[in-house]
Number of protein chains: 2
Amino acid sequence: MGISRDKGRTTTSGRIYDTLRQDLVNGRFVAGEKVAISALKEYYGVGLSPLREALNRLAAYGLLEQESQRGFRVPRLDRRELDDIAEMRRELEGMALERAIRFGDAEWESELLAAAHRLKRADMVPEAVDEWERLHTRFHRTLVAPCGSVWLLRFIEQLHDQFDRYRRMAPEAPEVRRVLDAQHGELVTLALERDIKGARELMDDHVRRSYEVALKGAMSGAD
Amino acid sequence: MGISRDKGRTTTSGRIYDTLRQDLVNGRFVAGEKVAISALKEYYGVGLSPLREALNRLAAYGLLEQESQRGFRVPRLDRRELDDIAEMRRELEGMALERAIRFGDAEWESELLAAAHRLKRADMVPEAVDEWERLHTRFHRTLVAPCGSVWLLRFIEQLHDQFDRYRRMAPEAPEVRRVLDAQHGELVTLALERDIKGARELMDDHVRRSYEVALKGAMSGAD
DNA sequence: TAGCGTTATAAAATCGATTATTTATCCAGG
DNA sequence: CCTGGATAAATAATCGATTTTATAACGCTA
């Protein structure tokens, strides 16, 4: 292997897409605001065409809204939308986790342990938030990876991005954070024990608690 | 109301997006083939920029594949992918139907009856396939509309488009078609009776039979 | 003649400028 | 004053041309 670590990072359009996606999920844009295209153009130092192509993709993905002759807009944070996203996460990740536990092999077990360990290590370094986020995303992805459905995984990833928009807006909540972090380990334990029912219940609780945290991120926006 | 029947149809980019989406779902492109951008440009009589923006959106939506420096490609028809799509349809539409039956009000009942009636009428006119397809899509959309989750509806729509790519490739199957058409009416009956279990079972069977038909569309492509 | 580098061709991606549309500004009439 | 309509400024959308990258064609060497 080697070369094909692409995914769009070769082209300007692809690079700016990745960057913007990150920045949108991390709440670096004001929710509800219009996207000033020429400002972005300056800020990221890219041309108009690749930028617009990226914006179009992001709109189709759901991280931007597109209005006919008036450009793009960062979706506003809305409590009911967060409810929707969280509930869908419970449904779909529960489903995916059950299947992953059914189908996951020994290799999966190893990767899962590794991902959980990396995440736990990152828990202790509060300054490297971005790295923690990366590992957190990766852990959850690993957890459901062998569910056998690319569409299910796709939907879950999309919901994660949406959910994280809210969570990353929310203020720190160290006590809940500790519980959530502990649950990652417990999820691994239950997965390795192939305890479907237990794992689903815990995942349900995990999302529910995360929702409580994220909810405080929706408060800043309109309601 | 009146003016805002937009959705993108005002702009060239939006129009070509709608057109291409239709044409992709209806199998007017050879699965697995590369998209000849300049050919499309000629054929639809549009400029390069709006066309590329539309292609980018379609790729994000899943009706096209995008490879880094080599443009766009129509996804090939693959049996396992169809399996995935069909199974997801069963899961998600079952879920949505259950909620729709819970939350749907009297207005929904009326619209559902109307949609089913329109579809039944269209059954009898075999020449107007496109109109039938439109009404069929609309019927299924109406059925699950009041489920209360915009994300669930969004995923279902996406899966429908994917599924229809296969189904529209498949040869006619009049005997199965009759059963499927009858099931639309039965679904309405069960929905009005608020028979959640019965409706879900029937929906499951409906998708399963449609899958059997669509499967013959996947045969033409590679496997 | 089977590889392998080189050049020619085709296609994708991007740029810079133009056109169309919306939004803001200003002024006249009620 | 407030409202509505015309004009000006700003922004979105599109075009035509250029640059970059991939693919095909070719000829050379072993």
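Six salt bridges are found by the rule across the interface of chain A and chain B, a salt bridge being a side-chain nitrogen of Lys or Arg within 4 Å of a carboxyl oxygen of Asp or Glu. This is a predicted model, in which local features need pLDDT of at least 70, side-chain atom pairs count only at pLDDT 80 or more, and totals for chains, interfaces and linings use all residues. Residues are numbered from 1 along each chain as its sequence is written, chains are lettered from A in the order in which they are written, and side-chain values use heavy atoms, with hydrogens and water left out.

**Pairing across the protein interface**

- One of the salt bridges joins Glu53(A) to Arg52(B), with the closest N and O atoms 2.6 Å apart.
- On the side of chain A that touches chain B, α3, α4 (79-103) and α7 (150-167) each supply at least two residues (helices are DSSP runs of H or I, at least four residues, numbered from the N terminus).
- The largest share of that side, nine residues, comes from α4(A).
- By class, the side of chain A that touches chain B holds twelve nonpolar, twelve polar and ten charged residues (Ala, Val, Leu, Ile, Met, Phe, Trp, Tyr, Cys and Pro count as nonpolar, Asp, Glu, Lys and Arg as charged, and the others, Gly among them, as polar).

**Extent of the protein interface**

- Chain A and chain B each bring 34 residues to the contact (heavy atoms within 4.5 Å).
- About 2800 Å² is buried between the two chains, and carbon and sulfur atoms give 54% of this area (accessible area, 1.4 Å probe, lost by two parts on being put together, summed over both).
- Glu53(A), Trp151(A) and Phe155(A) supply 22% of the area that chain A buries against chain B, more than any other three residues.

**Surface near DNA strand D**

- DNA strand D is surrounded by 18 residues, the closest being Lys34(A), Arg52(A), Ser68(A), Thr12(B) and Ser49(B) (a residue is near if one of its heavy atoms lies within 4 Å).
- A side-chain N or O atom of Ser49(B) lies 3.1 Å from a base nitrogen of DNA strand D.
- Phosphate oxygens of DNA strand D lie 3.1 Å from a backbone N or O atom of Gly47(B) and 3.4 Å from a polar backbone atom of Ser13(B).

Conventions
Polar contact = N/O pair within 3.5 Å; in protein donor to acceptor, adjacent residues only side chain to side chain.
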